[in-house]
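Welcome! Please take a moment to look over the sequence and the model before reading on.

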Amino acid sequence: MTTYRETALTNNYEFTSGAGYVLPEYPFFAPPELQSTATVRHPIVIVGGGISGLTLACSLARLGVQAVLLDEDNTVGVKGASSRGICYTQKSLEIFERLGIFERIAAKGTQWSVGRTFAGDDEVYNFDLRQQGNFHLSSQPPFINIQQFYIEAFLVDRIQELGGVELRWNNRLTAFEQNDKFATLTVETPAGSYRIEAEHVIDATGSHSPLRKWLQVPFDSRRGDDRWCIADVRFTTQPPTERHTWIEAPFNENRAVWQHLMADDVWRIDYQMAPNADPEYVGREDVVRERLARQFGKDVDVEIVWVGPYAYRSECVHAMRHGRVYLMGDSAKVVSPFGARGGNTGVSDADNLAWKLAAVLRGKAGATLLQSYHDERLEAAQQNVCVTNRTARFLRPADGSERVFRHAAIGLAKQYPFARSLINTGRMAVANTYSRSAVCTYRPGSAAGESVQNVALTWANGRRGHLHDLLNWAKGDLLLLVFGAQSPASLKRLRHLSLNHAVRSVQVLNAPTPAQAQEHVRDPKGQLQGACHATGQAWALVRPDGYLAASGESINASLLTAIERALSLQGETA
């Protein structure tokens with residue numbers, strides 16, 4: 001058995017300072033295992049109560065799957081350390097909408113879609129994500145800025161509302177072992193230690209994961225010398241609310257600066273520091289105020305909420321699953337904080353794994369479905385590491401060709417629109433595409449493996465709804481959207497499929513024609529059909545995580561094959 005006694009940091013900052021946020025604290029309750037000599041086996045144990053672990057716990061609770069979550073602390077966020085992540089993507093917001101916390105996030109946070117990029121005093125590039133095809137159809141905005149601990153607290157509240165998942169605060173994993181049937185975890189609490197067993201263990205402990213060390217998980221790592229300093233501040237007179245970035249800020253020694261508005265009228269300003277910057281010095285209040293005065297004027301009146309110098313690295317594991325352990329979030333990959341591809345990736349990890357665990361545990365899917373978590377989310381992790389590393393190189397170019405390229409790109413972008421795509425201050429995160437998943441059915445012209453935006457639709461009674469309302473109605477089963485009028489033979493096949501497989505069918509009509517199925521919706525603008533990239537009298541098979549598993553033109557054997565592939569039922573008795 002491997003053991004882990006020393007303190008394990010659970011955040012991605014190499015050094016932090018400041019304590020400007022007051023976080024909620026949750027009570028410790030002695031687990032029942034402390035009063036029993038029998039070792040209890042749980043279907044799922046989640047280790048880590050950050051944004052990834054809590055999203056998974058909430059997703060399982062929504063699907064009615066029991067689980068236990070262990071967290072070494074008694075609060076959300078990094079206690080007294082930082083606001084951490086702030087930018088939440090449309091895909092994450094769609095996930096939170098399905099979980100029932102989007103309205104809380106939208107009410108607290110700041111929505112934005114416009115970004116402006118400067119070099120010196122010149123604006124070289126701007127964008128409006130609402131005008132881009134990856135964002136414009138969803139009922140959720142492109143981005144909301146909000147401090148990460150708010151989302152984590154909303155998730156805790158929602159889990160407690162739903163029930164079924166037990167949150168154990170001040171429960172610290174100290175030892176672990178596994179065999180081919182179950183894992184055994186030793187947990188330390190203020191009231192003593194205990195052991196529990198689990199069929200599935202989810203490692204959501206972060207970038208300093210003890211489980212990853214115990215399992216000797218191989219990973220690729222890259223560490224640069226770039227240094228940054230965050231200042232979370234409130235202004236008496238507010239700057240523009242758009243996202244502003246400077247590649248070369250004249251008020252920061254021609255180094256990069258990020259400027260974002262978050263919740264509570266708090267601004268997140270990231271300053272790129274010299275590579276040899278002393279973290280204690282750059283984080284001193286008088287130095288931070290001097291830096292702010294250079295940017296906003298000597299008479300600027302600000303309240304400093306929190307300051308945090310940091311450095312970053314990139315890491316990516318070679319496999320997302322090791323025996324009965326699934327890695328997610330920063331346990332699986334660490335990326336530089338450009339383009340909002342850190343915490344958002346962990347949210348999608350959790351959304352991907354939750355429905356698969358639920359389907360397998362309920363006997364609705366084959367056990368090999370769980371292997372597709374590795375296939376799909378490792379591809380996503382690798383994509384995000386690659387994209388963020390490119391941004392890091394643009395912002396901290398090496399002497400020689402990289403620096404010459406950046407200088408030329410900035411000069412050209414000021415004059416020519418074609419060069420603006422070369423400016424890389426962070427490729428804003430979108431839902432990753434799965435191009436090599438064993439449970440998606442790929443064919444020419446199909447959008448299988450792509451996320452379907454949460455588009456609007458019209459219920460049979462004329463009221464407005466959304467795609468995710470249908471996903472929630474399906475309760476963890478596959479959602480089969482059938483577009484247009486169908487023949488009697490096709491309708492009979494659809495009824496048979498719904499009776500014998502974990503799939504729920506809905507007829508989608510965009511013309512004012514009579515419905516042939518009781519479960520039907522209207523798509524008057526064709527947005528739902530367009531989001532599924534389906535044309536004519538077609539069908540689209542949408543998974544519980546909002547990804548397209550397959551699409552086709554006829555209700556025939558190819559649809560049955562796609563359903564069985566999506567649930568890993570090939571060769572098994574459905």
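What follows is a short tour of cores, ring pairs and sheets.

## Before we start

This is a predicted model, in which local features need pLDDT of at least 70 and side-chain atom pairs count only at pLDDT 80 or more, while totals for chains, interfaces and linings use all residues. Residues are numbered from 1 along each chain as its sequence is written, and side-chain values use heavy atoms, with hydrogens and water left out.

## The nonpolar cores

A nonpolar core is a set of buried Ala, Val, Leu, Ile, Met, Phe, Trp, Tyr and Cys residues joined through side-chain atoms within 4.5 Å. Buried means under 20% relative accessible area, exposed over 50%, and partly exposed in between, using a 1.4 Å probe and protein chains only. The largest such core has 132 residues, and Leu60, Phe96 and Leu541 have the most contacts inside it. Helix α8 (residues 343–361) gives the largest share of this core, 9 residues. Helices (H or I, at least four residues) and strands (E, at least two) are DSSP runs, numbered from the N terminus. There is also a second, separate core of 22 residues, including Leu137 and Leu528.

Leu541 is worth a visit. Contact means heavy atoms within 4.5 Å. Apart from neighbours within four places in sequence, the contacts of Leu541 include Leu478, Val503, Tyr547 and Ile563.

## Rings and charges

The structure holds 17 aromatic pairs. Rings of Phe, Tyr and Trp (its six-membered ring) pair if their centres lie within 6.5 Å; planes under 30 degrees apart count as stacked, over 60 as edge-to-face and the rest as tilted. The Tyr150 and Phe154 pair is stacked, because the ring centres are 6.4 Å apart and the planes are at 25 degrees. Both residues belong to helix α4 (residues 148–162), where Tyr150 and Phe154 are 4 residues apart, about one turn of the helix. Tyr150 and Phe154 are both buried.

Phe235 and Trp267 make an edge-to-face pair, because their ring centres are 6.2 Å apart and their planes are at 80 degrees. This pair links distant parts of the chain, with Phe235 in strand β13 (residues 219–235) and Trp267 in strand β16 (residues 267–273), 32 residues apart. Phe235 is buried at a relative accessible area of 10%, and Trp267 is buried at 0%. Elsewhere, ring pairs join Trp228, Trp258, Tyr312 and Phe338 into a cluster.

Charges meet rings too. A charge sits over a ring if NZ of Lys or CZ of Arg is within 6 Å of the ring centre and within 35 degrees of the ring normal. The charged end of Arg212 sits over the ring of Phe219, 4.4 Å from its centre, and that of Arg291 sits over the ring of Tyr271, 5.5 Å from its centre.

## Strands and sheets

Two strands pair if DSSP finds at least two bridges between them. Strand β3 (residues 67–71) and β9 run parallel, joined by 5 bridges. Leu69 has Leu167 in β9 as its bridge partner. Strand β9 (residues 165–169) is mostly covered, with 4 of its 5 residues buried.

Another stop is an open sheet of 7 strands with mixed pairing, in the order β22-β21-β25-β24-β23-β26-β27. Which strands stand at its edges? They are β22 (464–466) and β27 (548–552), each with a single partner strand, so one side of each is left without a neighbour in the sheet. Within this sheet, β21 (residues 456–459) and β25 (residues 520–522) run antiparallel and are joined by 2 bridges. Thr458 has Arg522 in β25 as its bridge partner.
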